[in-house]
Amino acid sequence: MLPIERQKRIRELILDNQHMKISELSKELQVSEMTIHRDVKPLIEDGFIEKTFGGISLQSEADEKKVNEGKCVICCKTVNERMAYRLITSDNRIEVTCCAHCGLIRHRQLDKEVVQAICADFFRHTTISALVAWYVVDTSLQLDCCQPQALPFERKTEADKFVKGFGGRVLPFQEVSEMIYNQMNVDCCHSVNEVENI
């Protein structure tokens, strides 16, 4: 396949998926990750896509569509890229939260408006889909962020190993979302009333 053909296919894939990892594109197109990096460079320069942590995303229509640049949409803390949780909505708005805790709260608020949610694997710092991640909660490791904290992992086996060292429980997306929502007026750093006013 020629570079121009791969670029055309990358455009189609990004239009369908909104975001993809470089490794996913490499497998899909059966070329090296370095080849993918070369193929996406002109697409980035054209403004069609933008680089993200570990992959590429469809460029938002306008920079003003990116809300709360640099600040968490829930708690207004400064966003640390290693902990960030991104929500992409049906109108191409990108919302960023400081951590998975706030991301899960905002995800629940926006519900069906969310077309994609991404976060970083706690160990490997690779971009993963928040919907298929495994979350460690109630761990002894405290990161000085929102409570109760939820640490995302791509693989359950790695989350289980983390729990052996630092304690806690491993939950899938739906269960951790429910848990954080249920604890909002008990031992959460945000109350339901605060969050409903966002």
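Analyst: In this predicted model, an open sheet of 4 strands runs in the order β5-β4-β6-β7, with antiparallel pairing. Strands (E, at least two residues) and helices (H or I, at least four residues) are DSSP runs numbered from the N terminus, and two strands pair if DSSP finds at least two bridges between them. As for the basis, the model is predicted, so local features need pLDDT of at least 70 and side-chain atom pairs count only at pLDDT 80 or more, whereas totals for chains, interfaces and linings use all residues. Residues are numbered from 1 along each chain as its sequence is written, and side-chain values use heavy atoms, with hydrogens and water left out.

User: Over how many bridges do β4 and β5 pair?

Analyst: Strand β4 (residues 85-89) pairs with β5 over 4 bridges, in the antiparallel sense. Leucine 87 has glutamate 95 in β5 as its bridge partner. Helix α4 (residues 100-110) packs on this sheet and touches β4, β5 and β6, its direction making about 20 degrees with that of β4. Contact means heavy atoms within 4.5 Å.

User: How is a pair of aromatic rings described?

Analyst: One gives the distance of the centres and the angle of the planes. Rings of Phe, Tyr and Trp (its six-membered ring) pair if their centres lie within 6.5 Å; planes under 30 degrees apart count as stacked, over 60 as edge-to-face and the rest as tilted. The whole structure holds 7 aromatic pairs. In one of them, phenylalanine 122 and phenylalanine 153 have ring centres 5.8 Å apart and planes at 55 degrees, so the pair is tilted. Phenylalanine 122 lies in the loop between β6 (114-120) and β7 (127-129) and phenylalanine 153 in strand β9 (residues 151-153), so the pair ties together parts 31 residues apart in sequence.

User: Are phenylalanine 122 and phenylalanine 153 buried or exposed?

Analyst: Both are buried, meaning under 20% relative accessible area, where exposed is over 50% and partly exposed lies in between (1.4 Å probe, protein chains only). Phenylalanine 122 also forms an edge-to-face pair with phenylalanine 162, at 5.6 Å centre to centre and 80 degrees between the planes.

Notes. Axes fitted to C-alpha atoms, helices over the stretch in contact; angles between N-to-C directions.
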